[in-house]
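Hi everyone, thanks for coming. Let's take a few minutes to look at this one together.

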Amino acid sequence: MCNVMDSYIEKGKIQAICDLMESMKWSAIQAMKALKVPENEYAKYEELLKQSAPKA
(Lines give C-alpha, C1' and ligand atoms only; values in the text may rest on other atoms or scores of the structure.)
Protein backbone atom coordinates (compact mmCIF):
# COMPACT_ATOMS: atom_id res chain seq x y z
CA MET A 1 0.00 0.00 0.00
CA CYS A 2 2.78 2.42 0.86
CA ASN A 3 4.48 1.89 -2.50
CA VAL A 4 1.27 2.85 -4.28
CA MET A 5 0.97 6.02 -2.19
CA ASP A 6 4.63 6.87 -2.78
CA SER A 7 4.09 6.48 -6.52
CA TYR A 8 1.13 8.88 -6.50
CA ILE A 9 3.06 11.38 -4.40
CA GLU A 10 6.02 11.20 -6.81
CA LYS A 11 3.74 11.72 -9.80
CA GLY A 12 2.12 14.68 -8.06
CA LYS A 13 5.49 16.26 -7.35
CA ILE A 14 6.62 15.71 -10.94
CA GLN A 15 3.46 17.38 -12.20
CA ALA A 16 3.90 20.30 -9.78
CA ILE A 17 7.53 20.74 -10.83
CA CYS A 18 6.53 20.70 -14.51
CA ASP A 19 3.71 23.17 -13.91
CA LEU A 20 6.03 25.62 -12.15
CA MET A 21 8.67 25.24 -14.83
CA GLU A 22 6.12 26.03 -17.52
CA SER A 23 4.13 28.80 -15.86
CA MET A 24 6.97 30.57 -14.05
CA LYS A 25 9.73 29.77 -16.59
CA TRP A 26 11.77 28.29 -13.73
CA SER A 27 14.46 25.66 -13.86
CA ALA A 28 13.77 22.28 -12.29
CA ILE A 29 15.95 23.25 -9.32
CA GLN A 30 14.03 26.49 -8.74
CA ALA A 31 10.73 24.62 -8.88
CA MET A 32 11.96 21.95 -6.45
CA LYS A 33 13.21 24.62 -4.04
CA ALA A 34 9.80 26.33 -4.17
CA LEU A 35 8.11 23.00 -3.43
CA LYS A 36 10.58 22.31 -0.61
CA VAL A 37 11.80 19.08 -2.14
CA PRO A 38 14.79 17.93 -0.06
CA GLU A 39 18.09 18.58 -1.85
CA ASN A 40 19.06 14.93 -1.56
CA GLU A 41 16.06 14.09 -3.81
CA TYR A 42 16.89 16.56 -6.61
CA ALA A 43 18.76 14.01 -8.72
CA LYS A 44 15.89 11.51 -8.43
CA TYR A 45 13.32 14.05 -9.61
CA GLU A 46 15.56 15.38 -12.38
CA GLU A 47 15.86 11.82 -13.70
CA LEU A 48 12.09 11.29 -13.43
CA LEU A 49 11.54 14.58 -15.28
CA LYS A 50 13.77 13.37 -18.12
CA GLN A 51 11.84 10.11 -18.31
CA SER A 52 8.47 11.87 -18.34
CA ALA A 53 9.45 14.48 -20.95
CA PRO A 54 7.50 14.16 -24.19
CA LYS A 55 9.54 12.62 -27.00
CA ALA A 56 9.88 14.89 -30.04
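In helix 3, Tyr42, Tyr45 and Leu49 are buried, where buried means under 20% relative accessible area and exposed over 50%, with a 1.4 Å probe and protein chains only. Helices here are DSSP runs of H or I with at least four residues, numbered from the N terminus. Looking down the axis of helix 3, its buried residues fall within an arc of 70 degrees, so they line one face of the helix; the arc is that of the directions from the helix axis to the C-beta atoms. On the face turned away from that buried side sit the exposed residues Ala43, Lys50 and Gln51.

A word on the source: this is a predicted model, where local features need pLDDT of at least 70 and side-chain atom pairs count only at pLDDT 80 or more, while totals for chains, interfaces and linings use all residues. Residues are numbered from 1 along each chain as its sequence is written, and side-chain values use heavy atoms, leaving out hydrogens and water.

So what covers the buried residues of helix 3? The cover includes helix 1 and helix 2, with contact meaning heavy atoms within 4.5 Å. Take Tyr45: leaving aside residues up to four places away in sequence, it touches Glu10, Lys13, Ile14, Ile17, Met32 and Val37.

Now for the pair of helices 1 and 3. From helix 1, Glu10, Lys13, Ile14, Ile17, Cys18 and Met21 meet Lys44, Tyr45, Leu48, Leu49 and Ser52 of helix 3.

How values were computed:
Helix = DSSP H or I, 4+ residues; strand = E, 2+ residues; numbered from the N terminus.
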